[in-house]
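Please examine the sequence and structure shown below before reading on.

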Amino acid sequence: MKQLLAGKTAIITGASKGIGLATAKLFAEEGANLVLTARGQADLDQIVEEIRAQGVNAIGVVADSAAPKAPKEVFTRAIDTFGQVDILVNNAGYGDMFSIEETTDEHFDEVVQVNYAGVFRFCREAIQHFLPRNEGVIVNVTSVNGSLPVCGVAYTSTKGAVNIMTKNIAIRFSGTGIRCNAVAPGETDTPMARAWAAGELAGGDLMLNYARRYVNTDISSTQPIDQANAILYLASDMSRAVTGRVLTVDNGAYMTA
């Protein structure tokens, strides 16, 4: 069977754990050249080594998605190594549980820079690279919190904003070879989700009490591979007629979102 991403080069941000890691491994199986980013050198080196051992071309670039210069640096490394970029997966993110009255200006700005401004800058860099070829795919990883905002006010606001930005980019390039979609994970069994459930994220557990009120907690969490499969669908030609959509992957736990 033909690999879905054979000959493609993909940048995946936040690729050293959770959904990003599962996506990197799945994209490797599907034949993509991989440019993986994370803030930690050791974790990044480990996953790159594992992927290369499978005979897949991969490089790691230490990058903080909140840094204004990061997108240019990552794309430059990718282009220098592989010639071009075909797919951008904006996965890096920052979760929190601070309610509105607890949220300081400094914390709000920090979350916005990672979850929204950073995604904007990476999308802009991708578009500038895609335009000459009139071809390319962006998949933004947002959250069910973009439509059912039960976590922290900064986190949920940025996820809703990225959903709208995704649609705005899709409208701008509708009818072209450039597509932009989003995957909105529900609760997924990742290190961040386990911290969320334990009330260990910034802000403690105040908003967690409200989450339990509005979410069907009897439904099991998804697994990172479930999200990776959805990302693969939107990144590949399987979804060539799909743009401007936010695909919720939650086992139905957030059915009212």
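Which residue of β5 does I87 stand opposite? I87 stands opposite V137 in β5. This is a predicted model, in which local features need pLDDT of at least 70 and side-chain atom pairs count only at pLDDT 80 or more, while totals for chains, interfaces and linings use all residues. Residues are numbered from 1 along each chain as its sequence is written, and side-chain values use heavy atoms, with hydrogens and water left out.

**Overall form**

- The protein has eight helices and seven strands; helices (H or I, at least four residues) and strands (E, at least two) are DSSP runs, numbered from the N terminus.
- The radius of gyration of the protein is 17 Å, close to the 18 Å that the globule rule gives for 257 residues, so the protein is as compact as a globular protein of that length. The radius is taken over C-alpha atoms, and the rule is 2.2 Å times the number of residues to the power 0.38.
- Along the principal axes, the C-alpha atoms of the protein fill a box of roughly 50 × 40 × 40 Å.
- Of the 257 residues, 52% count as buried, a term that means under 20% relative accessible area, with exposed being over 50% and partly exposed in between (1.4 Å probe, protein chains only).

**Strand β4 and its partners**

- In strand β4 (residues 87–90), I87 and V89 point one way and L88 and N90 the other way, and all are buried.
- Strand β1 (residues 9–12) pairs with β4 in the parallel sense over three bridges, and I12 stands opposite V89. Two strands pair if DSSP finds at least two bridges between them.
- β4 and β5 run parallel and are joined by four bridges.
- From β4 the chain crosses through α4 to β5, a β-α-β crossover that is right-handed; the term applies if, with the strands pointing away from the viewer, the path from the first strand over the helix to the second runs clockwise.

**Strand β6 and its partners**

- Eight of the nine residues of strand β6 (residues 177–185) are buried, so β6 is largely enclosed by the rest of the structure.
- Strand β5 (residues 135–141) pairs with β6 in the parallel sense over seven bridges, and V141 stands opposite V183 in β6.
- The passage from β5 through α5 to β6 is a right-handed β-α-β crossover.
- β6 also pairs in the parallel sense with strand β7 (residues 246–249), over four bridges, and A184 stands opposite T248 in β7.
- P185 is found in β6 and counts as buried at 7% relative accessibility. The C-alpha atoms of P185 and V249 are separated by 5.0 Å, although these residues are 64 apart along the chain.

**The largest pocket**

- About 1,000 Å³ of space lies in the largest pocket. On a 1 Å grid over the protein atoms alone, a pocket is an open set of points where a 1.4 Å probe fits, with protein on both sides within 12 Å along at least five of seven lines; lining residues have an atom within 4 Å of a point. Grid points are joined across faces, edges and corners, and the volume is the space filled by probe spheres set on the points.
- The lining has 43 residues, of which N91, G93, Y94, G95 and M192 lie nearest the centre of the pocket.
- Elements that each supply at least two lining residues include α4 (105–130) and α5 (153–172), while α6 gives the most, with four residues.
- By class, the lining has 19 nonpolar, 16 polar and eight charged residues. Ala, Val, Leu, Ile, Met, Phe, Trp, Tyr, Cys and Pro count as nonpolar, Asp, Glu, Lys and Arg as charged, and the others, Gly among them, as polar.
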